[in-house]
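This report covers a predicted model.

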Amino acid sequence: MVKFKAQTQPLLRGSSFIIRYADDFLLGFTNREDALRVMEVLPKRLGKFGLTLHPGKTRQIDLEEEKKGGNHPIKTFDFLGFIHYMSKIRKGKPILKRKTSNKKLNQALKRLSDWIKCYRHKLPIRELIEELNQKLRGHYAY
């Protein structure tokens, strides 16, 4: 991430950001030409380290495009269990927002429900509640 800011950002016309998590990453650009230039050189750069972009996960999304198109659904994308979308703050400035993906939330609720069903007769109620609270705190922290 430090190298991206130090090496890539000075070569761009607009601003950019990178979000990394393990072996996944997300690049954001305010300038379309910057995004296209980086996407041209990125496979070569990753190739130097024996890495490739996953074709099913790699795509370019113009989140600003919907403003021009009228009353179309908001453009979104999923990343790390969150749905990301463009919105505005109170003063009208655009901002990238995120909310938990319905699919991921439902999976987590199903796992939690299965866990409760499995342990509700095996653990004393106090211990069950303590472990349940710990799981909920972990979810909120994520």
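The side chain of Asp62 makes a polar contact with the side chain of Arg32, at 2.3 Å. Asp62 sits in the loop that runs between helix H2 (32-47) and helix H3 (65-69). Leaving aside residues up to four places away in sequence, Asp62 touches Arg32 and Lys75.

Side chains of opposite charge can pair when their charged atoms come close. Salt bridges in this model number 4. One of them joins the side chains of Lys57 and Asp24, with 3.7 Å from N to O. This pair links distant parts of the chain, 33 residues apart. Lys57 belongs to the loop between H2 and H3, while Asp24 lies in strand S2.

The two side-chain pairs are set out below.

| Pair | Kind | Distance |
|---|---|---|
| Asp62 and Arg32 | polar contact | 2.3 Å |
| Lys57 and Asp24 | salt bridge | 3.7 Å, N to O |

Next come the domains. The protein is divided into domain 1 (1-60), domain 2 (66-99) and domain 3 (103-141). In the contact between domain 1 and domain 2, domain 1 gives 7 residues and domain 2 gives 5 residues.

What do domain 1 and domain 2 bury between them? The buried area is about 500 Å², and 80% of it is on carbon and sulfur atoms. Two elements each supply at least two residues of the side of domain 1 that touches domain 2: strand S1 (16-21) and strand S2 (24-29). By class, the residues of that side of domain 1 are 5 nonpolar, no polar and 2 charged.

How many salt bridges are there between domain 1 and domain 2? The count is 0.

Now the whole chain. The protein has 5 helices and 5 strands. From the N terminus on, the order is α-β-β-α-α-β-β-β-α-α. The radius of gyration is 20 Å, well over the 14 Å that the globule rule gives for 142 residues, so the protein is more spread out than a compact globule. Taken along the principal axes, the C-alpha atoms fill a box of roughly 60 × 45 × 25 Å.

Technical notes:
Residues numbered from 1 in each chain as written. Predicted model: local features only at pLDDT ≥ 70, side-chain atom pairs only at ≥ 80, totals over all residues. Heavy atoms only, no water. Domains from an automatic or database assignment. Contact = heavy atoms within 4.5 Å. Buried area = accessible area lost by both parts, 1.4 Å probe. Helix = DSSP H or I, 4+ residues; strand = E, 2+ residues; numbered from the N terminus. Nonpolar A, V, L, I, M, F, W, Y, C, P; charged D, E, K, R; others polar. Rg over C-alpha atoms; globule rule 2.2 N^0.38 Å. Polar contact = N/O pair within 3.5 Å; in protein donor to acceptor, adjacent residues only side chain to side chain.
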